[in-house]
Amino acid sequence: MKYKSAFLIVIISLVLMVAISPLRGFRSIQESSLIGFVAYLYLTLFCLKVFKSRLTDWQIFSALLLGLWLLQLPIRITHFEGTLGTLPDMLLHTLGIVCGLFYWKIKRPFDLLPLTLCCVIVVFMYFQGYDFWFNERNYGTFTGRVAAYELPVKFEAFDEQKNTITENDFNGKVVLLDFWFTRCGACFEKFPQVQSAFDKLKSDPSVVVFAIDKPIEEDKPRRSF
């Protein structure tokens, strides 16, 4: 009975993770994280109440974590760099389970402090934290500000007509480089903005705009996000 209960909790947690994951593509990763945090918090409280006579609190806690991590962890280990962008999403879902356990074990007013801190972290990530995280991933600084730098001595790429582009094409010009890859949902969302900028600036010889496909390991030919 004990093992069946633990297995059932793992399956429920796994199904919830699978159900929430598409939100990152259809809505936003901030909404996915917030909904996942609340859902896992309530799931933890539900499981602690229903299975308390068959499993210890820590066994329930471990089963919930196993269900959440069962599919995600191997992928994140084998494709670490490619999944860093959504790492906070998994961590905030994990935090929901931790908060559920904290709330279940509250016995004194002071015990509310860890729960309050966790909620502050979630709210911060929803409104500002993800911007800092994406800036650090994309630009190397949490603020998104980057210092001026010299172009490489040698730069060479090819446009869609197979024409060669070199560093000489950038001399004395303002350059907008938009790096993307085929499995990047956010990249496809911003394409209309890049296209709009290109349409406005294409007649200005002092400005050049390039959208550069930078494939990652998970990309497949003729297959988008």
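This is a predicted model: local features need pLDDT of at least 70, side-chain atom pairs count only at pLDDT 80 or more; totals for chains, interfaces and linings use all residues.
**Exercise 1. Helices H3 and H7**

The crossing of H3 and H7 is right-handed.

*Solution.* 
- Step 1: look at who touches whom. On the H3 side you'll find, among others, Ile29, Phe37, Tyr40, Leu41, Thr44, Leu45 and Leu48. Their partners in H7 include Asp89, Leu92, His93, Leu95, Cys99, Tyr103 and Trp104.
- Step 2: sort the contact by class. It comes to 13 nonpolar, seven polar and two charged residues.

**Exercise 2. Helices H3 and H4**

Are H3 and H4 parallel or oblique to each other?

*Solution.* 
- Step 1: get the numbers. H3 runs over residues 29–50 and H4 over residues 57–69. Their axes come within 10 Å and cross at roughly 140 degrees.
- Step 2: name the arrangement. H3 is therefore oblique to H4.
- Step 3: H3 passes H4 in a right-handed crossing.
- Step 4: list the contact. Tyr40, Leu43, Thr44, Cys47 and Leu48 come from H3, and they meet Asp57, Ile60, Leu64 and Leu68 of H4. By class that is seven nonpolar, one polar and one charged.
- Step 5: check back with Exercise 1. Tyr40, Thr44 and Leu48 of H3 take part in the contact with H4, and they're also in the contact with H7.

**Exercise 3. Helices H7 and H8**

Are H7 and H8 roughly parallel or roughly antiparallel?

*Solution.* 
- Step 1: H8 covers residues 112–139, and its axis comes within 9 Å of the H7 axis, with a crossing of roughly 165 degrees.
- Step 2: angles over 145 degrees count as roughly antiparallel, so that is the label for H7 and H8.
- Step 3: for the hand, H7 passes H8 in a left-handed crossing.
- Step 4: now the contact. Pro88, Asp89, Leu92, Leu95, Cys99, Phe102 and Tyr103 of H7 meet a set in H8 that includes Pro114, Leu115, Ile121, Met125 and Trp133. Sorted by class, the residues are 14 nonpolar, no polar and one charged.

**Exercise 4. The cavity and a pocket**

Which residues line the largest cavity, and which element gives the most to the lining of the second largest pocket?

*Solution.* 
- Step 1: the structure holds one cavity of 30 Å³ or more, with a volume of about 30 Å³.
- Step 2: its lining is Met17, Ser21, Arg24, Gln72, Asp89, Met90 and His93. H7 (residues 87–105) gives the most, with three residues. The classes are two nonpolar, three polar and two charged.
- Step 3: move to the second largest pocket, about 730 Å³ in volume. Of its 23 lining residues, Asp159, Glu160, Val209, Phe210 and Ala211 are the closest to the centre.
- Step 4: assign the lining to elements. Strands E1 (156–158), E3 (174–180) and E4 (207–213) and helix H9 (185–201) each give two or more residues. E4 gives the most, with seven.
- Step 5: finish with the classes. This lining divides into 17 nonpolar, two polar and four charged residues.

Notes:
Residues are numbered from 1 along each chain as its sequence is written. Side-chain values use heavy atoms; hydrogens and water are left out. On a 1 Å grid over the protein atoms alone, a cavity is a set of points where a 1.4 Å probe fits but cannot get out, and a pocket is an open set with protein on both sides within 12 Å along at least five of seven lines; lining residues have an atom within 4 Å of a point. Grid points are joined across faces, edges and corners, and a volume is the space filled by probe spheres set on the points. Helices (H or I, at least four residues) and strands (E, at least two) are DSSP runs, numbered from the N terminus. Ala, Val, Leu, Ile, Met, Phe, Trp, Tyr, Cys and Pro count as nonpolar, Asp, Glu, Lys and Arg as charged, and the others, Gly among them, as polar. Axes are lines fitted to C-alpha atoms, for helices over the stretch in contact, and angles run from 0 to 180 degrees between N-to-C directions. Angles under 35 degrees count as roughly parallel, over 145 as roughly antiparallel, 65 to 115 as roughly perpendicular and the rest as oblique. A crossing is left-handed if the near helix is turned anticlockwise from the far one by less than a right angle, and right-handed if clockwise. Contact means heavy atoms within 4.5 Å.
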